[in-house]
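The structure comes first, then the notes.

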Amino acid sequence: MSQHNIEDKSQPDSCQKNGFSPALLRPRSILYLTKVSYNEPKHEVLVEFSCESERFVKREKFFPFILFSPSIEKDKLQSLLLSAGFKGFSLEVSGQFLCLRALSFSELKRISNSLAVFINKKPLVLEPERVYLLSKGWSFFDSFEKIDDFLYKLPIVTQNSNSLQNSNNLGNSSNLKSSNSSKNVNNLGNSKKFQNIPDLGFFLTKEIPFKEALELSREDVLHLVELSAWSNLLSVPLSNIPKSKGERLELFIENLFFKNGELLSFDSSSRFYSSNGFEPLGGVEPLSKLDFSFVWTELFSNTFFNIGPETRNCSCCSPALLEAKNLLPSSLILVRFLGDNVFFESSSESFASSFHSSRPFKDLRVAKRKEFFLNSFPIGPFFREDSVLLPLLDARRLISEGKVVLVSSKGVSYSQTQNELKQINSQKNASSQNQLPFHDLNWFCLNKESFFSKEIRSSTEVLLNLRFILDSNGDSLFSSKDFSAFYLDFLHSALSFSLANIPNQLTNSESKFFSTALAKGIISVQEATIAKFKEFSEKRGYRVLHANKSAAFVKGFDSLKLAKEFACSSNLPQPIVAGFSSKRALGFA
């Protein structure tokens, strides 16, 4: 097996001007990126590209770095680092980010820890090998074509002038070096082979051909193929792929944060309520399960709520009206009640849980819940002239019903509700006077697209392309037990899982990316959407037996029609019919 040092350069201009690719002039040599190693003493990265017959090694000078968003000023950051005694670093503007490089990885970690103390946010420091790959727009098992001693990254397939996105570089849209050297596929739907889909059997099963290895130990071989797909998605080597999908999801989000210069927050220890709900087993009456997972992911985009840590409560789009389109459902609106002994069911289960656990009269709310068979504890009781901060959707509904009015003057000073004070006074022999804030508003930016929105749009396009390839060619590839079919299927599943579960991970208090403010915004969007779905369903005669952040369970088997009607009427993404449960079987098929 031969070994050479190679360079990575763009295609010669003459080839591009003449409208043809060098690959069409000579036999193709396809290599796969199989190994990356960082040599700290020599300040270099070694990248290995290999196939069955040869191996190439690319050496490149490399200094580990951290990216910062434009909100960090270069001069101030440099002055801060110098005053802290750091010298072996450089600061440069790279595209839209500020790039901090250090002489060594260990020094970069020291700088990161020191900055966390001063700016109260933690810069992400990833292992140098992963940073190198992310900066190049490469990943493990990407396909490359060797022409003379140059390497060109290949997309999985091209279709005339309309090429599919590079599926070997999921979710990455920067610094890509790709080649147009693959032959055009004139009829993608009828094509049987994709020359640029990785064929890694030589690497995973070594001396044994992939098809033979599959027959000898199908489970073990497919596990290796699955790991190779995750390795490509996460830009980490096979040996470093975590066992749990939750940890893999953390790495996926970690890459998104790093590429966009987003720092980690040291979240406050404020109380946080989030109900995961439960899944009915069925067996009593026929149920349909509607999955909202991908609805939440789409709602991150700037088409809807533009959710992201850097687009929340921006300075340029502060809403002035209660009906402003960029108000998030997590906003709390100050209202004054017009009647006595008022209870209501909130659109927000998390708000209802928080209210019930922290306010007096728990026994009354428990009784009301039992009496009216409510899914959550009601909010109340309230009496005339009580002023309270309520979730946006609740406030709008109660105003329309004439039960409350909007408090429109700032600096409202009020005590807790009259009856709460009586109970507290009798228990503690003291009164409690509070100065509550005016409306507690949360909004999203209308001018700048969040990095979550950009990355999700890019990855969703890749996901659709992978699905198209599998649907068009899967039968022939799977029947021939081709490595490509299994690899693409696992790649599609890994990306699909990651996209669908980003919202859940960001609302998981155990995640290092958890932020109470961001999590409340995400959950409020989920709860508002589910509340809108339940209201829509009931008006059309459907019975929603249960709904949570993940799914809604509808009586009967006509849920597909309901899902389509809801999506069309509300201009929201359509939930997916995920399964059915009959009277004769428990669980969902």
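## Packing of H15 and H16

Helix H15 (residues 483-506) packs with helix H16 (residues 516-539) at an angle of about 125°, and their axes are 8 Å apart. H15 is therefore oblique to H16; angles under 35 degrees count as roughly parallel, over 145 as roughly antiparallel, 65 to 115 as roughly perpendicular and the rest as oblique. Helices (H or I, at least four residues) and strands (E, at least two) are DSSP runs, numbered from the N terminus. Axes are lines fitted to C-alpha atoms, for helices over the stretch in contact, and angles run from 0 to 180 degrees between N-to-C directions.

On H15 the contact (heavy atoms within 4.5 Å) is made by Pro503, Asn504 and Leu506, and on H16 by Leu518, Ala519, Ile522 and Gln526.

## Model and numbering

This is a predicted model: local features need pLDDT of at least 70, side-chain atom pairs count only at pLDDT 80 or more, and totals for chains, interfaces and linings use all residues. Residues are numbered from 1 along each chain as its sequence is written, and side-chain values use heavy atoms, leaving out hydrogens and water.

## Phe140

Phe140 lies in the loop between helix H4 (128-136) and strand S9 (143-147). With a relative accessible area of 4%, Phe140 is buried (under 20%; exposed is over 50%, partly exposed in between, 1.4 Å probe, protein chains only).

Beyond its neighbours within four places in sequence, Phe140 contacts residues including Val36, Leu133 and Pro237. Phe140 and Val36 are 104 residues apart in sequence, with their C-alpha atoms 8.5 Å apart.

## Ser114

Ser114 lies in helix H3 (residues 105-119) and is buried at 16% relative accessibility. Leaving aside neighbours within four places in sequence, Ser114 is in contact with Ala84 and Phe86.
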